[in-house]
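Hello,

Here is the structure for you to look at. Please open it first and then read the notes below it.

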Amino acid sequence: MRPPPPWAGRRLGTEPGDGDALSDGFQVVGKALPRLDALGKVTGATRYADDLSWPGTLACVLLRSPHPHARIVAVDTAAAAATKGVVAVLTGADLPVRYGAIATSQDEAALASDKVRYVGEPVVAVAAVDEVTAREATKKIAVDYEVLAPVSSIEQALLAPADEPIHEGTKGNIHRLAALEFGDVDEGFAVADVVREDVFFYEGSNHLAMEEHSATAIFADGQLTLWSSTQAPHNLHRVLAKVLDLPMTRVRVVATPHGGGFGGKVDPAAHEVVVSKLAVLTGRPVKCTLSREEVFYNHRGRHPALMWVRTGAARDGQITAMHFRVALDGGALASLGAATTYYTGALQPATYDIPAYRFEACRVFTNKAPCGPKRGHGTPQPRFALEIHLDKLAEDLGMDPVALRRCNYVRPQSRTVNWLRITSCGIEEVTEKVLAASGFATRSRRVGHGQGFAVSAYLCGAGFPMYPSQLPHSEVGLKVDRGGVTVFCGATDIGQGSDTVLATVVAEELGLDRADVRVVTADTGLTPVDLGSYSSRVTFMAGNAAIDAARKIRTLLLEEAARTSGLLAHELRVGDGRFGPLSFEQAVEAAEERHGALSASGSYAPPPGISGEFRGSAVGPGPAYTYSAAVVDLDADPTTGEVLVHKVWVAHDIGRLLNPVLVRGQMDGNVYMALAEALMESQTYRKDLLHHPSVLEYKTPLATDMPAIEHLYVETIDPEGPYGAKEVGQGPFLPVVPAVVSAIHDALGVWVDEVPVTPEKILRALDARDRGALGRAGPKRFPAVPFPPCIKVEPPHAATARV
Amino acid sequence: MVRLRLNGEDHETLARSGETLLEILRERLGLTGTKHGCEVGECGACTVLVDGAPRLSCLVLPEQLADAEVTTVEGLADGAVLHPLQTSFMRLGASQCGYCTSGMLLSAKALLDEHPDPSNAEIREALAGNVCRCTGYAAIVDAVADAAETLRDAP
Amino acid sequence: MLRLPAFEHLRAESVRDAAGMLADHGGTARLLAGGTDLLAKMKRRQVMPDALVGIGHLAPLREVRVAPSGAAELGAAVTLAEALADRRLAADQPGYLEAVGVVSSPALRNAGTIGGNLCVDTRCNYNDMTEEWRHAVGYCLKTGCGERCQVAASSPRCWAIFSSDTAPMAIALGATVVVWGAEGERELPLGTLYADDGKAHLQLGPAEILTALRLPARRGWRVAYEKLRRRSAVDFPLAGAAVALELDGDVVAACRLVLGAVASHPVELHDVAQALTGRRLDDEAIEEAATAGARLAKPLDNSDLNYVWRKRMVKVILERALRRAAGADRGRLR
Ligand SMILES: Cc1cc2nc3c(=O)[nH]c(=O)nc-3n(C[C@H](O)[C@H](O)[C@H](O)COP(=O)(O)OP(=O)(O)OC[C@H]3O[C@@H](n4cnc5c(N)ncnc54)[C@H](O)[C@@H]3O)c2cc1C
Ligand code: FES
Ligand code: FES
């Protein structure tokens with residue numbers, strides 16, 4: 001057992017936005033300080049992946065499939081290979097080993113060999129002295145395809161394949177099926193006074209990180225090094241070793257400073273594997289930078305999701321049962337889709353106390369660019385559906401939609417029906433704050449203007465890794481000597497500021513200024529393992545690991561200070577560069593004299609008991625959950641269907657505000673990206689080709705499109721988070737999308753059960769109402785899916801439900 | 001051979017026919033502070049100043065520049081002294097991943113050079129061609145207003 | 001990274017020189033003004049000229065002249081930003097500047113020229129794609145090697161959309177353009193520069209150069225340009241409605257209405273304008289005109305958002321523009 005942390009149980013003031021007031025007793029934690037890597041970013045000195053160059057670097061260009069589904073009959077690369085300046089040409093035959101983001105889904109080949117499954121799938125790679133030469137050479141490659149009938153939609157994927165399934169060994173084109181039942185759902189519906197069903201659709205979208213993916217590989221002295229804008233260097237390290245058949249000891253992956261991730265750079269990507277192979281073959285540095293269109297093909301973005309939800313409730317609003325079905329369009333590959341599938345069902349019970357819950361999910365393969373993890377991974381879609389469904393249920397019950405939610409809220413220190421362990425929980429407080437700040441209850445009512453409210457939960461890091469293991473999720477090394485303090489950690493700063501968080505916690509523990517702490521991260525050759533930047537895990541997991549390491553050094557230094565001063569260690573004050581009577585440097589030298597080089601390691605693994613034990617229980621649980629609530633205020637024009645968002649209030653249970661500057665940035669970014677998905681963004685297809693593969697046509701809000709945002713914080717001081725902190729990278733995204741749709745209903749009285757809400761959908765709903773039909777636009781039905789019988793899981797007993 | 005007036009210095013470099021200012025800066029001169037996110041004028045990441053006015057370097061040919069003075073993010077600071085925009089961006093968290101930052105800074109500089117006291121709406125208009133995926137533009141707009149204040153207060 | 005194909009860059013010393021260079025290349029050379037349209041299309045390999053003839057620096061094309069009457073002549077290479085900053089134009093040609101001001105983004109307006117904007121290529125989202133994408137779809141009529149129009153498969157013609165913001169307004173104002181060719185200079189009404197063909201929408205010979213835009217004096221006229229777009233900047237018009245009218249009391253004395261981005265050419269609403277002339281510009285007249293005008297818009301599914309919605313919006317923006325011109329300013333949402 002770890003001793004209770006010194007901050008446990010402390011609950012400080014929660015004035016909105018005023019971080020400093022909240023951080024009494026801390027030296028750097030809670031202060032509004034700039035990120036440590038900001039200087040390089042504002043001077044242009046930061047070197048992103050495509051900014052790196054080595055003499056003699058070859059440029060790699062990928063020839064991609066023009067067909068959504070086809071068999072490769074023959075590939076003739078002779079003319080390309082013979083082109084002056086071309087150094088190497090690779091085909092699928094050169095990279096036969098399959099890989100994938102998660103251990104159970106190894107269905108990717110860096111270059112297609114037998115068949116292509118989506119337009120844009122890489123088929124041949126050319127390395128040449130420069131990009132122009134390589135690109136010209138790709139035009140000389142002849143690929144003979146036998147075209148197969150493509151699968152373009154979820155509905156089509158559920159039918160018997162016209163030609164052949166997209167992947168061998170699957171049942172039709174179904175990738176995954178999941179069916180779980182917690183408690184007695186039929187009984188729950190039987191006792192309900194009101195039962196309601198709805199169908200929703202959430203369109204897919206791309207991350208559109210401003211930086212296009214780029215990777216450079218060098219193979220020298222039997223060592224492969226890859227510099228890449230990856231979010232998960234550790235996983236990529238494993239994949240490269242496997243695919244290239246090199247020992248892990250001979251592979252090093254360095255994650256370069258990131259021009260945006262949002263989940264789009266979590267999966268190992270074809271070009272990363274290809275340049276590595278080419279470097280091994282040619283002995284020269286090889287670089288590949290994707291074009292914007294290629295980024296859209298690499299994709300791994302938000303899954304389009306068709307959803308059906310049925311809820312029973314008593315007259316007083318108590319939910320008696322819920323049944324949630326989802327069909328996900330996975331695109332052509334598994335990616336992290338197995339996890340996505342379970343995520344779509346996992347967090348509904350994390351906000352509402354649902355006594356009986358059935359969840360059935362299906363992920364299908366289609367001939368489209370592969371979907372994968374994007375901010376909120378698998379949870380924005382069901383959150384949108386659930387919140388709008390509850391708005392409608394409230395209407396049926398004649399209840400205020402906020403009151404309906406509140407009477408079903410989960411409580412702190414409880415266990416959900418699907419065995420999630422809830423510890424700190426600020427769902428009531430975020431609701432309170434956002435309602436008060438926005439004046440939601442007394443909002444002005446007029447046609448064309450409305451407000452919407454929604455609430456959500458997210459996890460602080462996946463409780464289980466992408467491959468089965470009992471190893472720590474994050475490891476930190478700390479070196480302290482006369483030369484200074486350096487933290488080593490495999491975590492990747494993808495722009496969210498996680499390096500700064502690591503420096504902050506170490507500085508706090510050692511009583512230093514953040515600038516005194518050097519941070520070395522995301523280099524598998526130098527830094528201990530961290531699983532990567534996804535699922536909002538870095539602050540919580542790497543932050544705890546760093547505290548763990550720093551405490552060990554702190555103890556050593558305190559011992560020295562105590563010895564020198566004759567005082568007891570706990571009587572000494574650590575801070576402002578001093579350990580009691582000694583300066584930090586003196587304490588270090590004294591300790592170094594006695595112990596030799598000072599180094600400490602820290603690690604973090606989620607505690608046991610945060611999940612149930614059933615198939616699928618690994619997805620959803622995290623060591624803690626954050627809660628967010630939003631109110632959106634907007635105008636919706638009944639003549640045009642255009643929507644103008646005026647303001648968004650977003651309240652977030654952050655655990656503890658470690659740095660208001662960083663947190664505010666994540667809050668703003670989440671609101672922005674959620675508004676984008678609610679109103680604009682869609683990765684859609686026409687004639688089986690991407691409809692919008694450019695920054696111009698893939699619409700995303702500009703500076704002039706963004707409303708005012710008001711941030712509200714609730715600090716619940718999580719018992720296990722670093723200083724009580726939780727996450728903010730994804731949680732505040734979630735309530736914004738349903739709040740937009742709810743506000744449109746508030747303004748116009750019609751429901752758009754499908755995002756993005758485009759003007760024509762609003763007009764369709766209004767037209768329907770004018771015809772006397774239901775004022776609604778959205779999907780009509782949920783398709784017939786061959787779900788297996790549910791795995792029945794006994795919910796936690798009332799006795800164990802309190803943890 | 002291409003000649004450029006760049007950040008106050010004269011430069012000469014070889015270039016292939018059809019290389020844009022973006023490629024010349026990044027690949028010929030090693031000035032990688034200028035970024036790219038689309039290469040066809042749609043994202044603003046490659047914004048530089050040409051005679052003080054924002055231009056998209058991915059759509060500029062060196063022949064179009066004649067004797068014009070080009071300013072990139074590397075030329076924004078005065079030696080070791082940062083431009084107030086740079087300090088405001090740092091302090092207020094206007095740069096997250098930082099990939100849009102160079103372009104944002106230069107669009108903002110052109111605005112402040114012309115309008116020392118811009119309104120929130122004017123700042124947003126000036127930045128409308130620069131896409132940012134991280135910040136929701138909020139901290140960026142705040143930072144530009146903050147820098148404007150610093151500049152106005154400067155002697 | 002998307003890069004330009006190789007080409008020869010020719011620097012003309014005069015308009016005559018430039019025309020000569022174009023003639024020498026017999027149609028394989030292109031004029032380069034701001035390059036914001038042309039260079040992007042070249043990077044996507046939609047056009048592959050052998051040579052570019054730069055005209056952005058030619059002094060005679062860089063002048064703005066405003067007569068005491070308010071009539072203006074703008075050289076083709078004047079940038080959109082320069083036009084916007086011109087106080088004389090702001091005073092005497094507010095309608096034209098309104099349209100200039102809603103083109104793309106500040107950085108693009110610093111480069112884009114008024115001539116380039118009038119000559120901007122038609123757009124279609126089956127064509128404004130990379131070479132690889134167009135190869136995958138099987139190309140189309142506009143870029144040569146395709147055998148059919150992707151948006152209207154049975155059509156013998158190309159339906160790419162006329163997408164200039166400034167042209168509809170300039171036509172509504174009664175603008176003319178000056179064109180330099182082998183036979184010397186000619187002046188023609190701007191509207192006649194355009195043909196209803198997405199593949200060849202400009203009635204210009206391969207060696208002809210648009211040198212100037214002439215805007216007649218329109219002091220006292222009521223003008224409005226309404227642009228339909230998804231975002232508040234950068235986006236090309238999904239539809240545009242330009243109105244210029246002269247009122248005599250509250251009766252329309254003269255009037256021109258032009259729609260943009262609803263066909264392969266700017267659509268001038270002659271009959272609608274005629275029907276309005278002599279009428280009081282009241283709600284009923286505006287509603288009738290907008291309904292009749294919108295009927296002439298035939299958007300297809302080759303631009304952003306749903307085309308049925310776009311068609312429906314044509315009436316809305318035309319109505320808004322007319323209302324604004326009438327002085328009843330009920331602006332749009334953004
Ligand atoms: C992201 C983006 C958004 C845009 N948004 C808009 C928009 O909202 N509205 C809009 O109207 N446009 C828009 N544009 C298009 C373009 O930027 C403008 O139309 C601009 O004004 C074109 O001018 P230019 O000088 O850059 O043209 P160029 O690219 O130099 O030329 C365009 C075409 O005209 C020809 N040409 C140029 N000058 C002459 C001349 N004097 N005589 C004969 N032919 C000539 C060229 O050969 C070429 O074919 C956008 C472009 C981009 C990249
Ligand atoms: S790279 Fe120039 S605008 Fe995107
Ligand atoms: S800071 Fe990442 S794109 Fe703007």
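**Aromatic contacts and overall form**

In this predicted model, the residues A:F182, A:Y357 and A:F614 form one aromatic cluster. Over all chains, the structure holds 15 aromatic pairs. One of them joins A:Y202 and A:F384: the ring centres are 5.9 Å apart and the planes stand at 70 degrees, so the pair is edge-to-face. A:Y202 belongs to strand β8 (residues 194-202) and A:F384 to helix α12 (residues 380-397), so this pair ties together parts of chain A that are 182 residues apart in sequence. A:Y202 counts as buried because its relative accessibility is 1%, and A:F384 is buried at 0%.

A:F540 and A:Y604 also make an edge-to-face pair, with 6.0 Å from centre to centre and 80 degrees between the planes. Here A:F540 lies in helix α16 (residues 538-565) and A:Y604 in strand β25 (residues 598-604), so the parts tied together are 64 residues apart in sequence. Both A:F540 and A:Y604 are buried.

Now the chain as a whole. Chain A has 20 helices and 34 strands. Its C-alpha trace spans about 85 × 70 × 50 Å along the principal axes. A compact globule of 803 residues would have a radius of gyration near 28 Å, and the 27 Å of chain A agrees with that. Of the 803 residues, 69% count as buried. Among contacts in chain A with a separation of 6 or more, 80% are between residues 24 or more positions apart.

Last, the charges: chain A has 78 positive and 93 negative side chains, and the centres of the two sets lie 1 Å apart.

Regards

Terms used:
Residues are numbered from 1 along each chain as its sequence is written. Chains are lettered from A and ligands numbered from 1 in the order in which they are written. Side-chain values use heavy atoms; hydrogens and water are left out. Helices (H or I, at least four residues) and strands (E, at least two) are DSSP runs, numbered from the N terminus. The radius of gyration is taken over C-alpha atoms; the globule rule is 2.2 Å times the number of residues to the power 0.38. Buried means under 20% relative accessible area, exposed over 50%, partly exposed in between (1.4 Å probe, protein chains only). Contact means heavy atoms within 4.5 Å. Lys and Arg count as positive and Asp and Glu as negative; His and the chain ends are not counted. The place of a charge is taken as NZ of Lys, CZ of Arg, CG of Asp or CD of Glu. Rings of Phe, Tyr and Trp (its six-membered ring) pair if their centres lie within 6.5 Å; planes under 30 degrees apart count as stacked, over 60 as edge-to-face and the rest as tilted.
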